Amino acid sequence: MQYNKIIEDIEVMKKINYVINRVKNNGGYVTTNFLDPYEQLAFEAICKSNKLNISFWDKGMDSERKIAIIFEDYYEEPKCTIYRVRYNTKYYSITHRDVLGALMNVGIKREMLGDILVNKQDIAFLCMDSVKGLIQEELTKIKNAPVTLEEIETFIKEDDGIEKKYIISSFRLDTLVATFADINREEAKERIKRKEVKVNHFIETDYKLVCDPQALISIKGFGRVQIIKQDGVTRKDNIVLITKVYTRKSNSK
């Protein structure tokens, strides 16, 4: 089913076919810009069907947005830089949204940036070296805070998910969305129909879908819930779930 959704996505397929044709026609390897998880899954599925090798790279940051490398025999790592954002934390507060907004305001496209990672007041981001000069020259202030950029070798984001227990009657998508977002089933169905819900990074409009027991459910305006495991059943045979919840406030991708 996911494969069918990918090949029906005209914009993504256009991007994938362009890269695959370059590798097939010229040999060697091709690197993409940064891809979100859905794009990564799409590239992986289509490359596999074309018997091409694919690897994903993020300079060891264990991040969500990654560069795909499509190759026949060999490849070289992409040229990227990790910047730590330095600013006076005593007087200023900077969020993920502030950093992304400032970068885009100086002309940096989203696909040239990896994850923007926030550990409380410690912030870092990964970028293509092709935009490195522009960032160094133009990014001197974020929000109202004067900033400097420090090149670093690595940066690992702390897991800011909150472990939470839920009780559900079934793994049907509308049931999960209603439970996680604390809304009624009818509202959950409407949100799913409006394409506001993703299951394992794919938009899902079938509210009757029975999800797998370790699904990642993303709900627009709320955040994401990663189901970790089932933790038994209640006396009424409802299912007890252990999850990690990442709300919009904690999400930093």
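**Close-up 1. Leu35 is paired with Lys66 of strand E3 in this predicted model.** Lys66 is the bridge partner of Leu35, and in the same way Phe71 of E3 is the bridge partner of Tyr29. Strands E1 and E3, the latter made of residues 66-71, pair in the antiparallel sense over 5 bridges. Strands of a sheet pair through backbone hydrogen bonds, which may join them in a parallel or an antiparallel manner.

**Close-up 2. Strand E2 pairs with strand E3 in the antiparallel sense.** The pairing of E2 and E3 runs over 5 bridges, and Phe56 stands opposite Ala68 in E3.

**Close-up 3. Three strands form an open sheet in the order E1-E3-E2, with antiparallel pairing.** Strand E1 (29-35) and strand E2 (53-57) stand at the edges and have a single partner strand each, so one side of each is left without a neighbour in the sheet. Neighbouring strands of this sheet are turned against each other by 20 degrees on average, when direction is ignored.

**Close-up 4. Helix H2 and helix H3 accompany the strands.** Helix H2, which covers residues 10-26, packs on the sheet and touches E1 and E3, and its direction makes about 160 degrees with that of E1. Helix H3, residues 37-49, lies across E1, E2 and E3 and runs at about 155 degrees to E1.

**Close-up 5. Strand E3 is largely enclosed by the rest of the structure.** This description holds because 6 of the 6 residues of E3 are buried. Lys66, Ala68 and Ile70 point one way from the strand, whereas Ile67, Ile69 and Phe71 point the other way, and all are buried.

Technical notes:
Residues numbered from 1 in each chain as written. Predicted model: local features only at pLDDT ≥ 70, side-chain atom pairs only at ≥ 80, totals over all residues. Heavy atoms only, no water. Pairing = 2+ DSSP bridges. Helix = DSSP H or I, 4+ residues; strand = E, 2+ residues; numbered from the N terminus. Axes fitted to C-alpha atoms, helices over the stretch in contact; angles between N-to-C directions. Contact = heavy atoms within 4.5 Å. Buried < 20%, exposed > 50% of the residue type's maximum accessible area, 1.4 Å probe, protein only.
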